[in-house]
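Subject: Structure for you to look through

Hello,

Here is the structure I promised to pass on, and below it I have set out what I found, so please keep the view open while you read.

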Amino acid sequence: MRTIAVIARKGGSGKSTVAVHLALAAHMRGRKVLLADTDAQRSASQVLKGRRGAGPELAETSGAKLFTLQLASIRADVDLMVVDTPAVVEDEISHAIVAADLCLLVIRPTFLDLAAAIQTSEIVRRLRKPALVVLNQAPSPRAGVETPSVKRALEALKLLRLPVIPTILRARISYQAAFETGRSVEELDPPAEAGREAADLWAFVEGFLFGRAVTERTG
Ligand SMILES: Nc1ncnc2c1ncn2[C@@H]1O[C@H](COP(=O)(O)OP(=O)(O)O)[C@@H](O)[C@H]1O
Ligand SMILES: [Mg+2]
(Lines give C-alpha, C1' and ligand atoms only; values in the text may rest on other atoms or scores of the structure.)
(Ligands and ions follow the chains in the order given, each with its own letter.)
Protein backbone atom coordinates (compact mmCIF):
# COMPACT_ATOMS: atom_id res chain seq x y z
CA MET A 1 0.00 0.00 0.00
CA ARG A 2 1.10 3.54 -0.72
CA THR A 3 -0.03 6.66 1.14
CA ILE A 4 -0.29 10.18 -0.25
CA ALA A 5 -0.68 13.20 2.05
CA VAL A 6 -2.26 16.20 0.33
CA ILE A 7 -1.15 19.29 2.21
CA ALA A 8 -0.92 23.10 2.14
CA ARG A 9 -0.85 25.68 4.91
CA LYS A 10 -3.40 27.69 2.96
CA GLY A 11 -7.15 27.19 2.76
CA GLY A 12 -8.78 27.06 -0.65
CA SER A 13 -5.64 26.09 -2.57
CA GLY A 14 -7.32 22.91 -3.76
CA LYS A 15 -6.25 20.14 -1.36
CA SER A 16 -9.66 18.47 -1.32
CA THR A 17 -10.02 18.88 -5.07
CA VAL A 18 -6.68 17.16 -5.69
CA ALA A 19 -7.23 14.48 -3.02
CA VAL A 20 -10.62 13.47 -4.40
CA HIS A 21 -9.45 13.54 -8.02
CA LEU A 22 -6.48 11.30 -7.29
CA ALA A 23 -8.62 8.90 -5.27
CA LEU A 24 -11.19 8.72 -8.10
CA ALA A 25 -8.53 8.37 -10.80
CA ALA A 26 -6.95 5.41 -9.02
CA HIS A 27 -10.37 3.89 -8.31
CA MET A 28 -11.43 4.18 -11.97
CA ARG A 29 -8.27 2.33 -12.98
CA GLY A 30 -9.06 -0.61 -10.76
CA ARG A 31 -7.08 0.16 -7.63
CA LYS A 32 -8.55 -0.30 -4.18
CA VAL A 33 -8.55 3.19 -2.70
CA LEU A 34 -9.29 4.70 0.68
CA LEU A 35 -9.72 8.43 1.12
CA ALA A 36 -8.90 9.41 4.69
CA ASP A 37 -10.47 12.77 5.45
CA THR A 38 -8.67 14.37 8.42
CA ASP A 39 -10.15 17.83 7.87
CA ALA A 40 -12.97 18.61 10.33
CA GLN A 41 -14.69 20.51 7.51
CA ARG A 42 -15.15 17.16 5.71
CA SER A 43 -15.15 18.68 2.23
CA ALA A 44 -13.76 15.57 0.53
CA SER A 45 -16.29 13.42 2.39
CA GLN A 46 -19.16 15.60 1.24
CA VAL A 47 -18.10 15.19 -2.37
CA LEU A 48 -17.73 11.41 -2.18
CA LYS A 49 -20.99 11.00 -0.29
CA GLY A 50 -22.78 12.73 -3.16
CA ARG A 51 -21.47 10.15 -5.60
CA ARG A 52 -23.76 7.57 -7.19
CA GLY A 53 -22.39 4.08 -7.74
CA ALA A 54 -18.99 2.69 -6.86
CA GLY A 55 -16.18 4.86 -5.61
CA PRO A 56 -13.25 4.97 -3.23
CA GLU A 57 -13.84 3.96 0.36
CA LEU A 58 -14.10 6.85 2.77
CA ALA A 59 -12.88 7.24 6.36
CA GLU A 60 -13.77 10.36 8.32
CA THR A 61 -10.91 10.36 10.75
CA SER A 62 -8.16 12.45 12.35
CA GLY A 63 -4.41 12.62 12.10
CA ALA A 64 -3.89 10.75 15.37
CA LYS A 65 -5.84 7.76 14.04
CA LEU A 66 -4.00 7.49 10.72
CA PHE A 67 -1.51 4.87 11.88
CA THR A 68 -4.25 2.48 13.03
CA LEU A 69 -6.15 3.16 9.82
CA GLN A 70 -3.04 2.39 7.78
CA LEU A 71 -2.56 -0.97 9.49
CA ALA A 72 -6.22 -1.89 8.94
CA SER A 73 -5.99 -0.78 5.30
CA ILE A 74 -2.92 -2.93 4.65
CA ARG A 75 -4.81 -5.91 6.07
CA ALA A 76 -7.79 -5.05 3.83
CA ASP A 77 -5.52 -5.03 0.73
CA VAL A 78 -6.01 -1.34 0.04
CA ASP A 79 -3.59 -0.21 -2.72
CA LEU A 80 -3.70 3.51 -2.11
CA MET A 81 -4.60 5.71 0.82
CA VAL A 82 -5.11 9.41 0.06
CA VAL A 83 -5.10 11.67 3.10
CA ASP A 84 -6.85 15.02 2.84
CA THR A 85 -5.76 17.52 5.50
CA PRO A 86 -6.84 20.85 6.98
CA ALA A 87 -4.84 24.00 6.27
CA VAL A 88 -4.22 25.19 9.78
CA VAL A 89 -4.06 22.37 12.32
CA GLU A 90 -0.33 21.68 12.62
CA ASP A 91 -0.77 18.33 14.39
CA GLU A 92 -3.09 16.94 11.75
CA ILE A 93 -0.70 17.93 8.98
CA SER A 94 2.33 16.43 10.76
CA HIS A 95 0.52 13.13 11.32
CA ALA A 96 -0.38 12.96 7.64
CA ILE A 97 3.18 13.73 6.55
CA VAL A 98 4.59 11.05 8.87
CA ALA A 99 2.14 8.51 7.40
CA ALA A 100 2.93 9.43 3.80
CA ASP A 101 5.12 7.88 1.12
CA LEU A 102 4.59 11.06 -0.88
CA CYS A 103 3.51 14.55 0.13
CA LEU A 104 1.69 16.63 -2.45
CA LEU A 105 1.82 20.36 -1.80
CA VAL A 106 -1.11 22.05 -3.51
CA ILE A 107 -0.23 25.62 -4.39
CA ARG A 108 -1.90 28.37 -6.40
CA PRO A 109 0.36 30.75 -8.30
CA THR A 110 -0.13 33.57 -5.78
CA PHE A 111 2.16 35.39 -3.38
CA LEU A 112 0.35 34.15 -0.27
CA ASP A 113 0.27 30.53 -1.41
CA LEU A 114 3.98 30.64 -2.12
CA ALA A 115 4.68 32.24 1.27
CA ALA A 116 2.74 29.42 2.92
CA ALA A 117 4.67 26.88 0.84
CA ILE A 118 7.87 27.90 2.63
CA GLN A 119 6.42 26.74 5.97
CA THR A 120 5.04 23.55 4.48
CA SER A 121 8.32 22.66 2.79
CA GLU A 122 10.13 23.11 6.11
CA ILE A 123 7.86 20.61 7.87
CA VAL A 124 8.24 18.13 5.02
CA ARG A 125 12.04 18.44 5.07
CA ARG A 126 12.16 18.09 8.84
CA LEU A 127 10.17 14.86 8.55
CA ARG A 128 12.34 13.72 5.59
CA LYS A 129 9.52 12.95 3.20
CA PRO A 130 9.49 13.18 -0.58
CA ALA A 131 7.36 16.10 -1.71
CA LEU A 132 6.05 17.30 -5.04
CA VAL A 133 4.10 20.44 -5.84
CA VAL A 134 0.78 20.42 -7.66
CA LEU A 135 0.27 23.87 -9.14
CA ASN A 136 -3.49 24.43 -9.08
CA GLN A 137 -6.00 27.05 -10.22
CA ALA A 138 -3.42 28.41 -12.62
CA PRO A 139 -4.48 30.67 -15.47
CA SER A 140 -4.24 28.97 -18.86
CA PRO A 141 -1.30 29.89 -21.09
CA ARG A 142 -1.91 32.78 -23.51
CA ALA A 143 -0.89 32.00 -27.08
CA GLY A 144 1.05 29.02 -25.75
CA VAL A 145 2.98 31.10 -23.19
CA GLU A 146 2.54 30.77 -19.41
CA THR A 147 1.23 33.94 -17.74
CA PRO A 148 3.65 35.99 -15.59
CA SER A 149 2.05 34.70 -12.36
CA VAL A 150 2.71 31.08 -13.33
CA LYS A 151 6.25 31.87 -14.46
CA ARG A 152 6.99 33.64 -11.17
CA ALA A 153 5.53 30.76 -9.17
CA LEU A 154 7.67 28.22 -11.04
CA GLU A 155 10.78 30.31 -10.41
CA ALA A 156 10.00 30.71 -6.72
CA LEU A 157 9.40 26.98 -6.33
CA LYS A 158 12.73 26.28 -8.00
CA LEU A 159 14.43 28.54 -5.44
CA LEU A 160 12.63 26.63 -2.68
CA ARG A 161 13.96 23.39 -4.27
CA LEU A 162 10.43 22.05 -4.49
CA PRO A 163 9.92 19.89 -7.59
CA VAL A 164 6.75 20.73 -9.51
CA ILE A 165 4.67 18.07 -11.24
CA PRO A 166 4.70 18.95 -14.96
CA THR A 167 0.90 18.70 -15.22
CA ILE A 168 -0.46 22.07 -14.08
CA LEU A 169 -4.13 22.15 -13.10
CA ARG A 170 -5.82 25.18 -14.61
CA ALA A 171 -8.64 27.23 -13.12
CA ARG A 172 -11.67 25.60 -14.70
CA ILE A 173 -15.32 25.63 -13.73
CA SER A 174 -15.56 21.91 -14.52
CA TYR A 175 -13.64 21.07 -11.30
CA GLN A 176 -16.48 22.68 -9.37
CA ALA A 177 -19.25 21.27 -11.55
CA ALA A 178 -18.00 17.68 -11.29
CA PHE A 179 -18.11 17.78 -7.48
CA GLU A 180 -21.82 18.64 -7.49
CA THR A 181 -22.44 15.01 -8.40
CA GLY A 182 -19.47 13.44 -6.65
CA ARG A 183 -17.56 12.91 -9.86
CA SER A 184 -14.11 13.52 -11.22
CA VAL A 185 -13.64 15.88 -14.15
CA GLU A 186 -12.62 12.71 -16.00
CA GLU A 187 -16.20 11.47 -15.73
CA LEU A 188 -17.98 14.52 -17.16
CA ASP A 189 -20.10 14.18 -20.25
CA PRO A 190 -19.28 15.76 -22.64
CA PRO A 191 -15.62 15.28 -21.69
CA ALA A 192 -14.03 18.39 -20.19
CA GLU A 193 -10.55 19.65 -20.96
CA ALA A 194 -9.81 19.24 -17.28
CA GLY A 195 -10.25 15.46 -17.67
CA ARG A 196 -6.92 15.19 -19.47
CA GLU A 197 -5.20 17.16 -16.67
CA ALA A 198 -6.62 14.91 -13.98
CA ALA A 199 -5.57 11.79 -15.91
CA ASP A 200 -2.06 13.15 -16.49
CA LEU A 201 -1.69 14.12 -12.84
CA TRP A 202 -2.62 10.61 -11.74
CA ALA A 203 -0.28 9.04 -14.33
CA PHE A 204 2.62 11.06 -12.90
CA VAL A 205 1.78 10.29 -9.27
CA GLU A 206 1.18 6.63 -10.04
CA GLY A 207 4.57 6.41 -11.74
CA PHE A 208 6.21 8.01 -8.73
CA LEU A 209 4.50 5.74 -6.20
CA PHE A 210 4.15 2.42 -7.94
CA GLY A 211 6.66 2.58 -10.80
CA ARG A 212 9.53 2.56 -8.38
CA ALA A 213 8.02 -0.37 -6.46
CA VAL A 214 8.05 -2.49 -9.63
CA THR A 215 11.73 -1.71 -10.13
CA GLU A 216 12.46 -2.63 -6.53
CA ARG A 217 10.75 -5.99 -6.93
CA THR A 218 12.37 -6.91 -10.23
CA GLY A 219 15.75 -5.35 -9.57
N1 LIG B 1 -8.47 23.96 -10.65
C2 LIG B 1 -9.58 24.53 -10.15
N3 LIG B 1 -10.38 25.27 -10.95
C4 LIG B 1 -11.50 25.84 -10.47
N5 LIG B 1 -11.91 25.76 -9.19
C6 LIG B 1 -11.13 25.06 -8.34
C7 LIG B 1 -9.95 24.39 -8.77
N8 LIG B 1 -9.42 23.76 -7.68
C9 LIG B 1 -10.23 24.03 -6.65
N10 LIG B 1 -11.26 24.80 -7.02
C11 LIG B 1 -12.33 25.34 -6.17
O12 LIG B 1 -11.74 26.14 -5.16
C13 LIG B 1 -12.39 25.97 -3.91
C14 LIG B 1 -11.40 25.46 -2.87
O15 LIG B 1 -10.94 24.17 -3.25
P16 LIG B 1 -10.71 23.03 -2.17
O17 LIG B 1 -10.28 21.82 -2.91
O18 LIG B 1 -11.88 22.91 -1.27
O19 LIG B 1 -9.46 23.67 -1.37
P20 LIG B 1 -8.85 23.26 0.07
O21 LIG B 1 -9.21 21.84 0.32
O22 LIG B 1 -7.37 23.47 -0.10
O23 LIG B 1 -9.41 24.22 1.05
C24 LIG B 1 -13.53 24.99 -4.16
O25 LIG B 1 -14.68 25.72 -4.42
C26 LIG B 1 -13.09 24.25 -5.42
O27 LIG B 1 -14.17 23.76 -6.18
MG1 LIG C 1 -10.13 20.92 1.90
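Helix H3, which covers residues 66-75 in this predicted model, has Leu66, Leu69, Gln70 and Ser73 as its buried residues. If you look down the axis of H3, these buried residues fall within an arc of 105 degrees, and therefore they line one face of the helix.

Next, the nonpolar cores. The largest of them has 36 residues, and within it Val18, Leu80, Leu104 and Val205 touch the most other members. Helix H1 (residues 15-28) supplies the largest share of this core, with 8 residues. If we set aside the neighbours of Val18 within four places in sequence, Val18 is in contact with Val6, Leu104, Val106, Val134, Leu169 and Leu201. Another core lies apart from this one and has 32 residues, including Leu114, Ala131, Val133 and Val150.

Then there is ligand 1, which is surrounded by 14 residues, the closest being Gly12, Lys15, Thr17, Asn136 and Gln176. An oxygen atom of ligand 1 is 3.2 Å from a polar backbone atom of Ser13, and an oxygen atom of the ligand is also found 2.9 Å from a polar backbone atom of Ser16. On its own, ligand 1 has 560 Å² of accessible area, and the protein covers 77% of that.

Finally, please look at Glu197, which sits in helix H8 (residues 193-218). Is Glu197 buried or exposed? Its relative accessibility is 7%, and because buried means under 20%, Glu197 counts as buried. The side chain of Glu197 makes a polar contact with the side chain of Arg172, at 2.5 Å. Leaving aside its neighbours within four places in sequence, Glu197 is in contact with Thr167, Ile168, Leu169, Arg170, Arg172 and Tyr175.

Best wishes

Technical notes. Residues numbered from 1 in each chain as written. Chains lettered and ligands numbered in written order. Predicted model: local features only at pLDDT ≥ 70, side-chain atom pairs only at ≥ 80, totals over all residues. Heavy atoms only, no water. Core = buried A, V, L, I, M, F, W, Y, C linked by side-chain atoms within 4.5 Å. Buried < 20%, exposed > 50% of the residue type's maximum accessible area, 1.4 Å probe, protein only. Helix = DSSP H or I, 4+ residues; strand = E, 2+ residues; numbered from the N terminus. Contact = heavy atoms within 4.5 Å. Near = heavy atom within 4 Å. Polar contact = N/O pair within 3.5 Å; in protein donor to acceptor, adjacent residues only side chain to side chain. Areas by Shrake-Rupley, 256 points an atom, 1.4 Å probe, with all protein chains shown as cover. Arc of directions from axis to C-beta.
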